[in-house]
Amino acid sequence: MEVRERLYTVDDVWDLQRQPGNGDKSYELIHGELIEMAPANMLHFWLMAEIAGELRNFVRRHDQGFVGGEGGFSPPGDRHTLLATDVGFVRKGRMPQPIPQTFAGFMPDLAVEIMSPSNTLAELRDKAEIYLRNCATLVWIVITDDKRADVCRLVDGALQMKQVDANGALIGEEVLPGFRLEMRLLFPHASA
């Protein structure tokens with residue numbers, strides 16, 4: 001008898017998270033494969049809050065949209081992929097009103113992924129490509145061990161990455177014009 005792996009859907013994840021005892025668990029789906037997310041370590045936790053706070057303050061000042069953490073985003077029409085950004089930004093005109101209490105059926109304009117010990121850089125770059133191929137404009141991958149970030153975008157259909165070291169800055173580009181986050185604020189103990 002042939003044994004086949006089950007392909008999970010966004011609806012399966014929604015049901016799974018609502019089951020008793022699963023409220024504190026987080027999941028992602030990549031092409032139907034269910035991935036349980038481990039809790040964040042303290043550096044990851046702190047970086048999420050710092051980045052989200054800087055983005056939120058900028059976005060509020062300029063009334064540009066919504067910033068949050070660990071939001072569930074799935075590409076339109078793809079019920080087998082669900083990504084949970086560490087931090088995400090959605091432009092004001094793209095967020096349904098009232099804000100739904102479900103996973104988003106679209107990708108954020110900006111997605112931030114912070115590398116954890118359970119991630120590989122290749123996995124995070126694959127996620128960046130999924131975001132970008134499904135209408136995200138910009139992805140920042142924060143690589144904690146190297147105290148740097150990869151700024152990812154699609155250029156002529158190919159994933160392009162630019163490294164920003166501890167002396168550089170994350171720039172909002174066309175997604176958040178005027179936004180600038182100095183990497184030294186994220187890694188204050190990095191050598192200059």
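Reader: Is P117 buried or exposed?

Author: P117 counts as exposed because its relative accessibility is 77%; buried means under 20% relative accessible area, exposed over 50%, and partly exposed in between, with a 1.4 Å probe and protein chains only. This residue is found in the loop between β7 and α3. Helices (H or I, at least four residues) and strands (E, at least two) are DSSP runs, numbered from the N terminus. Please note that this is a predicted model, in which local features need pLDDT of at least 70 and side-chain atom pairs count only at pLDDT 80 or more, while totals for chains, interfaces and linings use all residues. Residues are numbered from 1 along each chain as its sequence is written, and side-chain values use heavy atoms, with hydrogens and water left out.

Reader: Which strand does β1 join, and in what sense do the two run?

Author: Two strands pair if DSSP finds at least two bridges between them. Strand β1 (residues 26-30) is joined to strand β2 (residues 33-37) by five bridges, and the two run antiparallel. Y27 has E36 of β2 as its bridge partner. The two strands form a hairpin with two residues between them.

Reader: What is the phi of H31?

Author: Most residues other than glycine have a negative phi, and most peptide bonds are trans. H31 is not a glycine, yet its phi is positive, about 50°. H31 is found in the loop between β1 and β2 and counts as exposed, because its relative accessibility is 57%. As for the peptide bond, Q97 and P98 are joined by a cis one, with omega about -5°; P98 lies in the loop between β6 and β7.

Reader: How many bridges pair β8 and β9?

Author: There are five, in the antiparallel sense, and I143 stands opposite R148 in β9. This hairpin has four residues between the strands, and K147 takes a positive phi near 50° there. K147 counts as partly exposed because its relative accessible area is 32%.

Reader: With which strand does β9 pair over seven bridges?

Author: It pairs with strand β10 (residues 158-164), again in the antiparallel sense. R153 stands opposite Q160 in β10. The hairpin of β9 and β10 has two residues between the strands, and D156 takes a positive phi near 55°. β9 is mostly covered, since six of its eight residues are buried.

Reader: Which residues touch the most other members of the largest nonpolar core?

Author: In soluble globular proteins, nonpolar side chains tend to be buried together. A nonpolar core is a set of buried Ala, Val, Leu, Ile, Met, Phe, Trp, Tyr and Cys residues joined through side-chain atoms within 4.5 Å. The largest here has 26 residues, and I51, L110, W140 and L176 touch the most other members. Elements that each supply at least two residues of this core include α2 (42-62), β7 (110-114) and β8 (138-143). The largest share, seven residues, comes from α2. Another core lies apart from it, with 19 residues, among them L83, M115, A128 and C152.

Reader: With which residues is I51 in contact, leaving aside its neighbours within four places in sequence?

Author: Contact means heavy atoms within 4.5 Å. I51 is in contact with V87, V112, I114, V142, L181 and L186.

Reader: How is the lining of the largest pocket divided?

Author: Its residues are 24 nonpolar, 15 polar and 10 charged; Ala, Val, Leu, Ile, Met, Phe, Trp, Tyr, Cys and Pro count as nonpolar, Asp, Glu, Lys and Arg as charged, and the others, Gly among them, as polar. On a 1 Å grid over the protein atoms alone, a pocket is an open set of points where a 1.4 Å probe fits, with protein on both sides within 12 Å along at least five of seven lines; lining residues have an atom within 4 Å of a point. The largest pocket has a volume of about 1,100 Å³, a volume being the space filled by probe spheres set on the points, which are joined across faces, edges and corners. Of its 49 lining residues, E28, M37, E70, A84 and T85 are the closest to its centre.
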